[in-house]
Amino acid sequence: GDEPIIGFAPRITARDAAFPQLQEAIEKSRVVLFDYLKPGEDSPRRRRIRPLALVDYEARWHVFGVDVDIEADRMFLLSRIVGDVKITPKSFDSELRDGAGERALAGLENVAAQNSALLEVTPGTEASLRLGRRATPAATQGILVPFVDLHILADELASYGPEVRVVEPTALRDAVVDRLTAVVATHSDEGEPS
């Protein structure tokens, strides 16, 4: 408590553009339509859901609901919603919302418990501070960090640059390398004459 916090960069969770429409649809028990772009796909896919809860998990907003087309529970990251959310006149039983937030968080925690990344992190760095909060020590060396979404974790890890190295899983390591390679390629073109 006596030491100054120097170099600490707080992260503030801001609501995504889709938040107000989804919140209104949940309150009114109305079906919504939106376009959703998953990583690796070229174009968004139209989704139609009964939105049941908005949950903040690892500083990212998700909407939990029932996908009307397949009648199954689904979770969507708000930052991947493309364009506006359309609230339809089609309503649903408001009792479906009962316990939905708790079910959504339990589902996210279950996914995180099944996925972990083995990382080597430079001590005393921002990566060490941020990742250390949600990590456990690995059996041999490094730390284990649970994650829900490989692409989101890859973005975060790439942002730390040389402060972190992904040992496994291979798909995560490849995703981080791809991001870093893209940064190098983008910046190596700068300053070259046209």
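Student: In this predicted model, is D67 buried or exposed?

Tutor: The relative accessible area of D67 is 2%. A residue counts as buried when this value is under 20%. D67 is therefore classed as buried.

Student: With which residue does R47 form a salt bridge?

Tutor: A salt bridge requires a side-chain nitrogen of Lys or Arg within 4 Å of a carboxyl oxygen of Asp or Glu. For R47, the closest N and O atoms of the pair are 2.7 Å apart. The partner of R47 is D67.

Student: How many residues apart in sequence are the parts that R47 and D67 tie together?

Tutor: R47 belongs to strand β2 (residues 45-57), whereas D67 belongs to strand β3 (residues 60-67). The pair therefore links parts whose separation in sequence, in residues, is 20.

Student: What is the relative accessible area of R47?

Tutor: R47 is classed as buried, a term that applies under 20%. The value for R47 is 7%.

Student: How many salt bridges does a search of the whole structure find?

Tutor: The pair R47 and D67 is a salt bridge, and R80 and D149 also meet in one. Over the whole structure, the number of salt bridges found is ten.

Student: Where does D149 lie?

Tutor: The side chains of R80 and D149 meet in a salt bridge, with N and O 2.8 Å apart. R80 lies in the loop between β4 (72-77) and β5 (81-91), so the pair ties together parts that are 69 residues apart in sequence. Both residues are buried. The place of D149 is the loop between β8 and α4 (150-159).

Student: Is E126 buried, partly exposed or exposed?

Tutor: E126 forms a salt bridge with R130, at 2.8 Å between the closest N and O atoms. The two are four residues apart in helix α3 (residues 126-132), so about one helical turn separates them. R130, at 11% relative accessibility, counts as buried. E126, at 36%, counts as partly exposed.

Student: Which are the edge strands of the open sheet of four strands?

Tutor: The order of this sheet is β7-β8-β6-β9, with antiparallel pairing. An edge strand here pairs on one side only. The edge strands are β7 (136-137) and β9 (164-168).

Student: Which residue in β8 stands opposite S116?

Tutor: Strand β6 (residues 116-121) pairs with strand β8 (residues 143-146) in the antiparallel sense, over four bridges. Opposite S116, the residue in β8 is P146.

Note on methods
Residues numbered from 1 in each chain as written. Predicted model: local features only at pLDDT ≥ 70, side-chain atom pairs only at ≥ 80, totals over all residues. Heavy atoms only, no water. Pairing = 2+ DSSP bridges. Buried < 20%, exposed > 50% of the residue type's maximum accessible area, 1.4 Å probe, protein only.
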